[in-house]
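Trainee: I am new to this kind of work. Please show me how to read a structure feature by feature.

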Amino acid sequence: MKLSPSNMPPVTRRRVLRMIAGSFVATTAGAGVNAAWIEPESLTITRRDIPCPNLPPGLDGLRVCLVSDLHYREPDEDDPLLERVVDAIHRETPDLVLMPGDFIDSDEKMMAPLLRRISGLQAKHGVFASLGNHDGWNADSGRARRLFEKAGFGMLINDHSRLSIRGESLYVAGTDFVWDGNPDPVRMLRGVPADAPLVTLVHEPDYFDTVNVHRAADLQVSGHTHGGQCRVPLVGIAPVKPRWGRKYVEGHFRKDGANLFVTRGVGTTGLRVRFACPPELAVLTLRGRSA
Ligand SMILES: [Fe+2]
């Protein structure tokens, strides 16, 4: 039957309400499917130039891959995304890979299988890690350090390494996790010359202000917040923010000559959902005075 104005059903208030309710249910169901199954697997790559006015010319253009918050908990569910992260890092051929913590979610036994899966990670000048609060709460830091070193990665817990790159020194330093841990910037920086180029790994981003009192890093990399993990679309507000991750939630910040980059990270904690906040691999290029 052909619909004409005379035989179309009348637009009643009840009918309009039913249409609105139907649209709402469909939208909510779609958002739920996206948050639970699509977005947590949708790896994004963020590229940023980081202005570092004090960088010596030999370090200009240094490329850093930042990967954080793997929250490895179920190999069957976590491995496909993890493999894509490792492949994406290798395609970038970075100078450094930095991993500022939360490798596991709540089970120390997941640390060894995770390390086996990422042990092939390579960068021209090394792969460095620091502990996150989930690592510190659930794993023994000495055992974690041994596993990382066995995999060929540097584990920096209130410690630093000096790298020699294209004839220049670069110091890579990391604190212990901050939330109920024992971060010690003084110990971390002991022996680092005051004017030396410095990159730091600090899991919790809000500790940036504390490290800055001791020393402005050319770049601090952090994770911890997951960018909020679920955000309000369009406005981008993150309703849930963890302790030590409420001021600097996501992205690039500059203060007193120091840079901070906070990544949304890769994994999830609590419910395995992400919304308007996809997993992220950050590729950061340090740019010196010439930039
Ligand atoms: Fe985390």
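Predicted model: local features only at pLDDT ≥ 70, side-chain atom pairs only at ≥ 80, totals over all residues.

Trainee: Where do Asp69 and Asp102 lie?

Mentor: Asp69 belongs to the loop between β2 (63-66) and α2 (75-92), and Asp102 to the loop between β3 (96-99) and α3 (111-118), so the pair ties together parts that are 33 residues apart in sequence.

Trainee: Are Asp69 and Asp102 buried or exposed?

Mentor: Both Asp69 and Asp102 are buried.

Trainee: Which strands pair with β2?

Mentor: For each pair of strands, read the direction and the number of bridges. β2 runs parallel to β3, with three bridges joining them, and Leu66 is opposite Leu98 in β3. β2 also pairs with strand β12 (residues 280-287), in the antiparallel sense over four bridges. In that pairing, Val64 stands opposite Leu284.

Trainee: How should I read β11?

Mentor: Start with its partners. β9 pairs with β11 in the parallel sense over three bridges; Val221 has Phe261 as its bridge partner in β11. β10 and β11 are antiparallel, with five bridges, and Arg254 has Asn259 as its bridge partner in β11. β10 and β11 form a hairpin with two residues between them, and Asp256 in the turn has a positive phi of about 50°.

Trainee: Why is β11 largely enclosed by the rest of the structure?

Mentor: Check the burial of each residue. Five of the five residues of β11 (residues 258-262) are buried, so the strand is largely enclosed. Ala258, Leu260 and Val262 are buried on one side, and Asn259 and Phe261 on the other, so both faces are covered.

Trainee: Which residues make the nonpolar surface patch?

Mentor: For a patch, note its members and area. Val232, Val235 and Ile237 make a nonpolar surface patch of about 260 Å². Val235 lies in the loop between β9 (219-222) and β10 (251-255) and is exposed, with a relative accessible area of 58%.

Technical notes. Residues numbered from 1 in each chain as written. Heavy atoms only, no water. Buried < 20%, exposed > 50% of the residue type's maximum accessible area, 1.4 Å probe, protein only. Patch = residues over 30% accessible without salt bridge, like charges linked within 9 Å, V, L, I, M, F, W, Y side chains within 5 Å. Areas by Shrake-Rupley, 256 points an atom, 1.4 Å probe, with all protein chains shown as cover. Salt bridge = Lys/Arg side-chain N within 4 Å of Asp/Glu carboxyl O. Pairing = 2+ DSSP bridges.
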